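Please read the following walk through the packing of the chain and the surroundings of its ligand alongside the model itself.

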Amino acid sequence: MTTHFLSINDLSDAELRGVLDAADAFRTGADAGGAKPLAGKTVAMLFEKPSLRTKVSFDVAVYELGGHAVFLSRDEVGLDVREPAEDIARVLSRWASIIVARVLDHRTLERLAGASAVPVVNALSDVEHPAQALADLLTVRQHHGRLEGVQVAYVGDANNCALSLALGCAATGAGFAIASPEGYGFDPAHLRAIEARGTSVRTTTEPREAVAGADVVYTDVWTSMGQEAEAKARREAFAGFMVDEALLARANPGAILMHPMPAHYGEEVPAGMLEHPRSAAFDQAENRLHAQKALLQLLAGGA
Ligand code: CP
C-alpha cells in the first residue's frame, strides 16, 4: 500500500482503480454510509496557499469518515520561518494520522514526507495536483462510463493539474492530448514520466487539433497562484486558447467540458461557460469529496 500521496505515481494501477471504485461507491451512496476508518483519528491540514475546494472537501471528507481535521495556515505555524518543515512533520506525526499539505514548492512536500511518520498527501504543489486528478478521473468515468479509450484534450498551460491528469489517464488507458502555446507545454522529463506510466501524450500548439476526436475538453487558468507577475505575458501567449462554445463544438458529440476551478472568466473560458449544459465542472468539484474520502480510507488502512 502507498505510504505518501505526493503524485498520481504513488498509486499503483490497482490502487488507483480501487480508489476510483471506492470513490464511486461514496458518490452513489453504495458504500451504505457506514465506514468510519478515521474514527478517533486526526488529520492535520497545512496550507501555504489559499483554497476553497481542496480545504473544504478534505475537511468534510475527514468528518464523514469519523475523524477530526485541524487546519493550519503557513503563517500560523511559521513554515520554515518559525521552524523547519521537517520538525513540523515530526511533531504533527505524534498527534495526527495523516498530514494533508498544500505547498508553494514541491520540495517542501518531499521534506515533510521524508520526516513524517504518517502519510503525507499532496493538496497541490507547483508540480502536481493529484487529489484533483482523482476527482477528474472519477468525473470522466461518471459521464462516459469508462476511462479506457476515452480521449481527453487539455487546452492550456501544462501545469500541475495537467501533469497529474495526464499520469492518471496513462495509468487508466485514457488518451491524452494537450494544446499549449510554445514554451508552455510539458517539459521532456514530464513527457517521459507520462509515457513510462502507460501511454504517450499527443502535443500540439493548436487547440482545434487537440480537441478533434475528444470526449473530454479540459482547461485551467493560464496564470496559476504564484505566477501573477507573468499574467500579462501569459494572457498574450494564450490568446486563441479560450475554450468557448465554438471550440467545444469541434470535439466529439457528447464531449464534456472540465475545469478544476477557480476559473478566470474571460481568459480560458468565457463568462457562463462552466454552466454550459456540457460542463462537468461542478460535478468535478463535488467529486473532490468522494475521491478524497476513498484516498483517506486507503491511507488509513481501511480499504
Ligand atoms: N481546484 C482546486 O484545487 O481548488 P482550490 O484551489 O479552491 O482548492
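Leaving aside its neighbours within four places in sequence, Phe176 has contacts (heavy atoms within 4.5 Å) with Val152, Tyr154, Ala162, Leu165, Ala166, Cys169, Phe186, Ser200, Val201 and Arg202. This is a predicted model, in which local features need pLDDT of at least 70 and side-chain atom pairs count only at pLDDT 80 or more, while totals for chains, interfaces and linings use all residues. Residues are numbered from 1 along each chain as its sequence is written, and side-chain values use heavy atoms, with hydrogens and water left out.

Phe176 also belongs, with Val100, Leu134 and Phe186, to the residues that touch the most other members of the largest nonpolar core, which has 61 residues; such a core is a set of buried Ala, Val, Leu, Ile, Met, Phe, Trp, Tyr and Cys residues joined through side-chain atoms within 4.5 Å, where buried means under 20% relative accessible area with a 1.4 Å probe, protein chains only. Helix α7 (residues 160–172), a DSSP run of H or I of at least four residues, gives the most to this core, with 9 residues. Because domain 1 (8–128 + 287–300) and domain 2 (132–284) both give residues to this core, it lies between them; the domain bounds come from an automatic or database assignment.

A nitrogen atom of the ligand lies 2.9 Å from a polar side-chain atom of Gln132, and a ligand nitrogen atom is 2.8 Å from a polar backbone atom of Met261.

Conventions: Buried means under 20% relative accessible area, exposed over 50%, partly exposed in between (1.4 Å probe, protein chains only). Helices (H or I, at least four residues) and strands (E, at least two) are DSSP runs, numbered from the N terminus. A polar contact is a pair of N or O atoms within 3.5 Å; within protein, one must be able to donate a hydrogen and the other to accept it, and residues adjacent in sequence count only if both atoms are side-chain atoms.
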